[in-house]
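Please keep the sequence and the model in view while reading.

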Amino acid sequence: MALDLLVLRGLGLGDLLTAVPALRALRQAFPKHRITLAAPRALDALLPLTCAVDASVDVSGPGPVPFQRPDIAVNLHGKGPQSIDALRATDPGRLISFGTGPPWKDGVHEVRRWCELLEWHGIPADPADLTLGISDRTGPAIVHPGAAFPARRWPPERFAEVAGALGDDVVVTGTENEVPLARKVAELADLPPERMLAGQTRMADLIDLVSTSRLVVCGDTGVAHLATAFCVPSVVLFGPVSPSLWGPPPGWRHVALWAGQNGDPHGERPDPGLLKIEVSEVVDAAMEVTS
């Protein structure tokens with residue numbers, strides 16, 4: 001009889017990557033279980049690289065989850081009643097979640113949070129187990145100006161100055177929704193049209209591009225976590241949220257720039273703290289991590 005382990009993480013790219021150590025811990029703890037991840041279908045190209053997931057179901061947000069009677073259901077989505085109720089509705093034999101186990105603590109790094117949830121349930125987890133692979137880094141320098149909310153978007157004029165200072169191999173990336181922003185950066189930096197890649201990279205393409213790049217410069221967004229996963233040197237600009245909560249691990253070739261003040265991560269204009277980061281700081285940091 002097959003044993004099923006269902007994991008809910010119906011969030012974005014960066015969210016999935018911060019959950020990789022927890023997913024691998026579940027794989028180690030339950031080697032005979034078939035692990036199914038409930039997450040957005042767009043992230044499927046990443047799943048084989050985790051070596052922790054056997055199958056997926058397409059879920060965006062806290063549910064509902066189209067799955068029935070798993071032996072174990074694990075909530076790596078959040079602490080709210082929606083995600084807990086969505087997993088309870090699958091009728092699991094065992095539920096691992098905040099709200100039914102340990103208390104939720106503020107001020108914990110996202111990677112460590114999910115590892116601590118599992119450890120509370122007696123499942124060892126290593127927060128440092130983030131790496132998806134290391135390549136030759138012969139690709140371009142990536143400038144990624146987009147982020148989910150305006151509060152985390154450094155001005156395109158400044159990204160363009162950085163792009164102009166990084167050399168003649170710079171490319172600008174972004175989602176389809178970020179094409180106008182990326183185009184503005186590319187035009188201000190006077191990059192040739194073929195260097196504007198926003199809207200042209202599916203997840204598999206983005207993985208190939210980032211994993212072989214020599215540098216990533218971006219805000220607090222999923223591409224930053226992809227650079228961490230492939231040990232690609234990066235400079236990440238933080239505004240309303242401290243890097244102690246979502247930043248790259250210390251001691252790797254990553255620099256997290258932050259002015260030291262918190263704000264609204266869902267704000268409709270660039271965070272004041274983010275605007276305190278100067279172009280010269282970003283360029284200097286980029287030179288430091290690639291030297």
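Why is β1 largely enclosed by the rest of the structure? Five of the six residues of β1 are buried, where buried means under 20% relative accessible area, exposed over 50% and partly exposed in between (1.4 Å probe, protein chains only). This is a predicted model, in which local features need pLDDT of at least 70 and side-chain atom pairs count only at pLDDT 80 or more, while totals for chains, interfaces and linings use all residues. Residues are numbered from 1 along each chain as its sequence is written, and side-chain values use heavy atoms, with hydrogens and water left out.

**Strand pairing**

- Helices (H or I, at least four residues) and strands (E, at least two) are DSSP runs numbered from the N terminus, and two strands pair if DSSP finds at least two bridges between them.
- Six bridges join β1 to β2 (residues 33-39) in the parallel sense, with L8 opposite A38 in β2.
- β1 also pairs in the parallel sense with β4 (residues 72-75), over four bridges, and there the bridge partner of L8 is N75.

- G12 lies in the loop between β1 (3-8) and α1 (13-18).
- G12 is partly exposed, at 29% relative accessible area.
- The C-alpha atoms of G12 and G222 are 7.3 Å apart, although the two residues are 210 apart in sequence.

**Cysteines**

- The structure contains zero disulfides (a disulfide is a pair of cysteine sulfur atoms within 2.5 Å).
- The cysteine sulfur closest to that of C51 is in C231, 14 Å away and so too far for a bond.
- C51 is exposed, with a relative accessible area of 61%, whereas C231 is buried at 16%.
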